[in-house]
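Please look at the structure shown below before reading on. The paragraphs that follow lead through it step by step.

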Amino acid sequence: MWQRRAFLKSAGAGFLASLAPRQLLALEANDLVFASSIQTFAGKYGAVLMGERGGVISMIDLPDRGHDITISREAQRGVVFARQPGTFALVFDPFGNEAPQTLTSIEGRHFFGHGVFSPDGRLLYATESDFEAAQGVIGIYDATDDYRRIGEFPTYGTGPHEMLLMPDGTTFVVANGGIETHPDYGRAELNLDTMDPSVVFIDRRDGTLIGQLRLDTGLHQLSIRHMAVDAQNRVWFGCQYKGAPSDSPQLIGYATMDGEIRLIELPLDTLRDLRNYVGSVAASADGNTIAVSSPEGDLLIAIDAENKRPVLVETLRNGCGLAADQSGFVATSGKGEMIGIAGAERSQQQFDFLFDNHMLRLG
Amino acid sequence: MRIFAAIFAALLLVAPASAQIISPSEMLRSSVTNFIRPQTKAFATRTADLSKAMHALCENGDLTGAQDAFAEAAAAYGRIEFLRVGPLMEDNRSDRILFFPDRKGIGLRQVQQLLAEADLTAATVPGLQQKSVAVQGFGALEFVLFGTGFETLTTPEGAFRCAYGAAIAKNLEEMAAEIAAGWADPEGIAKRLTQPDPSYADYRTTTESLEAIVGLVSHGIEGVRDTRINPFIAKADGKANPKQALFWRSNQTLPMLKANFDGLRRLIELSSVVTDPALAQEVTAAFARADAAIALVTSPVEIAVADPTQATALNDLVASTQDLQRLIGEDLSATLGLSVGFSSLDGD
């Protein structure tokens, strides 16, 4: 509770600052570009950039499985992060003029698959694990100095997963999934009995903890992993449940910078079809609709952010990647499919590679 | 000779598989009736035996009987511990039965502290169940029976230690009975798994149920490699860490691995999920390779990791897990039309 009080106390001035949704950047004018990690049919890993109509613009080889991608127009670079517990991040030039640069996590850290640039593109931040201490950190890299690692902030929890920069440009929101892993034990989850997931707001400038929000203690095995920010600056999150598979706790919720955190009530049949697993969360271009996916349940759900009710439920086999386009969402699958949902005007496409969990819209 | 044995075993497995085509529903039923139910019941029986043996130890000082019963019960668990669905995953039973890996040695410290303080609340099952998961199961009992000070068990000085050990055994017996009952329940998980229905939260279709079975084996193999073998064998820097091995104190590391592979192999065989003869042959050969590697590791792990022949065998065991993961996680999934696949593999 003290953390929540501390949060409320400091939540006054700074946090209500910018309500304008962050402008996504355009690689080329009047054209949307999407990026995703992929696996080829031959089992090789890479990342692709795709045009609005699904044409592949470029493909980059990765040494191992990638996860999310972030991009900065200011830095003129994109970064693919290794899937946890990977130790590489690949910095690439979306225009293809410069050779990619591989970053390696420092001794005692590995990447978690997500990260963001600072608004001016000068700094890159990545969620990482200090695995000896079982604590999450945000690694800080200087994009103006060959991506030298210049420091780190704590994430005030274990197993940080997705991190986002809030529209104010100075606040990070990080989902601490709560699960302890250690490279000595592969991907084994070491602390399911004592998991302590949280959503934290952190000051980008000095790493100060602004607020830490937890769900009810009865839900301590609900790992908070992926997020998207809506038009009202609410941070929508999707969870993965690590308790008994026959339980069906609610999995979608939102947190606010005023210290509110709650799960929304999905109808039970829809909830069951998520199979205790949300793989990706995205906000629509206007920030009024939230889409979530479950590759376990082959399900995509679009939710009205205002009344918190589903407006669309659609199936996509092994569907996980989600990104807003102008009018709806693009969804991709581990079977190589791309479809449009919730108002997106595009026909189904099949690719000759498999999409990984996340899709990024560059602009 | 081992090669001949492997080929012979392969032929045995192929023969029935190629003789008949069995439906996915039959595979599911067979998984439950031929493997899961009998093996969870066997675990319940072995833990009941262990509980009796602990009482005999406390009353008559039969230490060897208790230590043997520990090994039997642990192996019975080793054969089913990969069944990470249903009753094993409820009420934290998996961690309460065996909290491992315990990288920071938290469990050990807690057990030592509890013994030093002679915390009487740990000597009853209800009291024990209120405590940390790490002091409730096999890891704690191994320290009681084989760890520093175990000799006191047969003396008045060890009365508390013995009572605590008996409470752990009783706790294990209770949990094992609950797991067996959970699988035996005709309206429980066995029904949902074998007769999936869109209204169920866990298994909606036959394909999802089959994915669950194949996924359990695939993840089970990965878990054995990542948490039971790799942590203690020599790393790239040449340093092994035998004290990171499960049950090194009781010299049950290899018997436990053997039980793990045995359980995984039996579920694959008894469920008849591998219908393709060529694939069946490869799967059998990979399990045979694992068995052969385990058979070569005859010394306690501390010595085995430093012995070239045994260290090589342990590396070969790791290689067999890689073969098995490819054969079961990829090839078998493909032949069954499952998506134990890319985006849905595990939490990310």
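What distance separates the centres of domain 1 of chain B and domain 2 of chain B, taken over C-alpha atoms? In this predicted model, the two centres lie 25 Å apart. Domain 1 of chain B is made up of two stretches of the sequence, 2-29 and 194-334, while domain 2 of chain B covers residues 34-184. The two domains also touch: 24 residues of domain 1 of chain B are in contact with 26 residues of domain 2 of chain B. Contact here means that heavy atoms lie within 4.5 Å.

Attention may now turn to chain A. Its secondary structure consists of 2 helices and 28 strands. The radius of gyration of chain A is 19 Å, close to the 21 Å that the globule rule gives for 363 residues, so chain A is as compact as a globular protein of that length. Along the principal axes, the C-alpha atoms of chain A fill a box of roughly 50 × 50 × 45 Å.

The interior and the contacts of chain A can be described in turn. Of its 363 residues, 63% count as buried, where buried means under 20% relative accessible area. Among the contacts in chain A with a separation of 6 or more, 48% join residues 24 or more positions apart.

Conventions:
Residues are numbered from 1 along each chain as its sequence is written. Chains are lettered from A and ligands numbered from 1 in the order in which they are written. This is a predicted model: local features need pLDDT of at least 70, side-chain atom pairs count only at pLDDT 80 or more; totals for chains, interfaces and linings use all residues. Side-chain values use heavy atoms; hydrogens and water are left out. Helices (H or I, at least four residues) and strands (E, at least two) are DSSP runs, numbered from the N terminus. The radius of gyration is taken over C-alpha atoms; the globule rule is 2.2 Å times the number of residues to the power 0.38. Buried means under 20% relative accessible area, exposed over 50%, partly exposed in between (1.4 Å probe, protein chains only). Domain bounds come from an automatic or database domain assignment.
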